[in-house]
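Here is a report on one protein model. Please look at the sequence and the structure first, then read on.

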Amino acid sequence: MEILENYSLKNHNTFGIDAKADYYVSIRNEDEIEELINTEVFSKNKFFILGGGSNILFAEAFKGLIIDINIRGIRIIESHDDYVIVEVGAGEFWNDFVTLCLNNKFYGLENLALIPGKVGAAPVQNIGAYGIEQKDFFYSLSGLNIESKFFVTLNNDDCIFNYRNSIFKNELKNKFIISYVRYKLSKTEIINLSYKELSQEIIKFNIEQPDARIIYDTVKRLRTNKLPDYRLMGNAGSFFKNPIISEDKFSKLKNIYPEIKGFTQPGKKVKISAGWLIEQCEWKGKRIGDSGVSEKHALILVNYGNANGREILELSMQIKQTVMEKFDLELENEVLIIQ
Ligand SMILES: Cc1cc2nc3c(=O)[nH]c(=O)nc-3n(C[C@H](O)[C@H](O)[C@H](O)COP(=O)(O)OP(=O)(O)OC[C@H]3O[C@@H](n4cnc5c(N)ncnc54)[C@H](O)[C@@H]3O)c2cc1C
């Protein structure tokens with residue numbers, strides 16, 4: 001384990017922001033986590049636990065220690081007639097893991113294909129797409145509780161998963177380093193076509209009985225067509241969460257904007273599209289210097305090349321302000337701002 005100083009994070013965040021960190025360390029196993037927390041650099045500095053950097057924005061230089069989790073390895077820890085439990089290192093790339101599971105006929109995660117980032121961040125954000133969330137297949141995880149300095153295992157209920165949320169964004173925020181995650185996957189195919197855009201795409205291609213491979217390929221195609229490739233144009237996916245509002249507020253909006261779509265949620269709530277709101281404020285495709293809103297998707301802020309984190313952050317604040325003025329709604333960031 002080597003702690004590096006004055007380290008550029010440009011290759012460690014999908015926005016491609018060239019922010020510097022005072023200190024940087026790459027962690028390859030649990031022993032190195034223990035070693036790290038006993039160092040002076042760790043105890044004397046603020047720190048940030050980094051995965052693939054695909055859900056964060058470095059708004060400025062990081063005055064502290066970046067802990068880059070690179071714990072690798074995938075293995076079956078239990079195999080039963082109808083399911084397996086697979087354990088995966090937090091530093092494995094999520095999409096590699098999804099692909100490997102499908103290739104080995106362990107089913108369930110296909111709808112989550114092509115989500116950037118590493119496995120360790122999947123429970124933090126409770127990643128979701130095309131009708132499922134990782135919590136639907138999550139079994140348990142292990143990691144170090146930084147306060148107690150013990151490695152512990154947390155199960156599905158312990159993690160308090162919610163829409164793009166979990167205990168790791170609340171009570172355990174900055175207090176837990178995830179080292180391994182386990183998923184319970186089916187040995188028989190699970191076909192989830194609850195997401196309209198996905199089922200429509202399957203119908204379009206006249207596929208009567210889609211299998212898991214078709215779902216995986218279709219999700220990849222949809223995502224590739226819809227989302228800008230961060231390797232070509234820096235971005236962190238959806239910058240804002242889709243607002244969940246009361247039915248009352250929704251019907252008021254519907255009176256003014258009859259074309260607004262709502263998706264019913266538990267507790268008399270309605271989820272609406274943040275992308276639609278932003279589009280109505282005419283932000284889609286707009287560019288200010290090297291920061292902008294994607295032409296493909298209004299929810300995605302992009303770095304055209306040399307934007308710095310502050311510029312992207314300022315753009316996001318302008319968008320929030322216009323959405324507030326037009327709809328009286330406060331957009332919440334999905335991307336974590338690091339400053
Ligand atoms: C083009 C694009 C499309 C996307 N599409 C989706 C989508 O469809 N659905 C979706 O949910 N997300 C999506 N995202 C967001 C992002 O891919 C996910 O949130 C992903 O899980 C982030 O992983 P990461 O490894 O890059 O995490 P990072 O951005 O590095 O970190 C995210 C958070 O997790 C924490 N963290 C990371 N690793 C650990 C660890 N080992 N222990 C403790 N905490 C940790 C970090 O401290 C931080 O709080 C998209 C992003 C992009 C760029």
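At what angle do the axes of helix α5 and helix α6 cross? Helix α5 (residues 196-204) and helix α6 (residues 212-226) cross at roughly 110°, and their axes come within 10 Å. That makes α5 roughly perpendicular to α6, a term for angles of 65 to 115 degrees. Axes are lines fitted to C-alpha atoms, for helices over the stretch in contact, and angles run from 0 to 180 degrees between N-to-C directions.

This is a predicted model: local features need pLDDT of at least 70, side-chain atom pairs count only at pLDDT 80 or more, and totals for chains, interfaces and linings use all residues. Residues are numbered from 1 along each chain as its sequence is written. Helices (H or I, at least four residues) and strands (E, at least two) are DSSP runs, numbered from the N terminus.

Helix α5 brings E197, L198, E201 and I202 to the contact, and α6 brings T218, V219 and L222. Contact here means C-beta atoms, placed from the backbone, within 7 Å. Four of these residues are nonpolar, one is polar and two are charged. Ala, Val, Leu, Ile, Met, Phe, Trp, Tyr, Cys and Pro count as nonpolar, Asp, Glu, Lys and Arg as charged, and the others, Gly among them, as polar.

**Domains**

The domain assignment of the protein chain gives domain 1 (3-69), domain 2 (74-186) and domain 3 (234-338). Such bounds come from an automatic or database assignment. The C-alpha centres of domain 1 and domain 3 lie 29 Å apart. Each of these two domains gives 14 residues to their contact. On the domain 1 side, strand β4 (residues 56-58) supplies the largest share, three residues. That side divides into nine nonpolar, four polar and one charged.

**Sheets and strand pairs**

An open sheet of four strands runs in the order β1-β2-β5-β3, with mixed pairing. Neighbouring strands are turned by 35° against each other on average, direction ignored.

Another open sheet has three strands, in the order β14-β16-β15, with antiparallel pairing. β14 (244-246) and β15 (262-265) stand at the edges with a single partner strand each, so one side of each has no neighbour in the sheet.

Two strands pair if DSSP finds at least two bridges between them.

| Strand | Partner | Bridges |
|---|---|---|
| β1 | β2 (residues 20-27) | five bridges |
| β10 (residues 138-145) | β11 (residues 150-155) | six bridges |
| β14 | β16 (residues 269-272) | three bridges |

Some single partners can be named. S8 has K20 in β2 as its bridge partner. G143 has V152 in β11. I244 stands opposite K271 in β16. β10 and β11 form a hairpin with four residues between them. In the turn, K149 has a positive phi of about 65°.

**The ligand**

Which residues are closest to the ligand? They are G51, G52, G117, G120 and G237, out of 34 residues that surround the ligand. A residue belongs here if its C-beta atom, placed from the backbone, lies within 6 Å. Elements that give two or more residues to this shell are β3 (47-50), α4 (122-125), β8 (128-129), β12 (176-186) and β13 (234-238). The shell divides into 21 nonpolar, twelve polar and one charged.

Methods. Angles under 35 degrees count as roughly parallel, over 145 as roughly antiparallel, 65 to 115 as roughly perpendicular and the rest as oblique.
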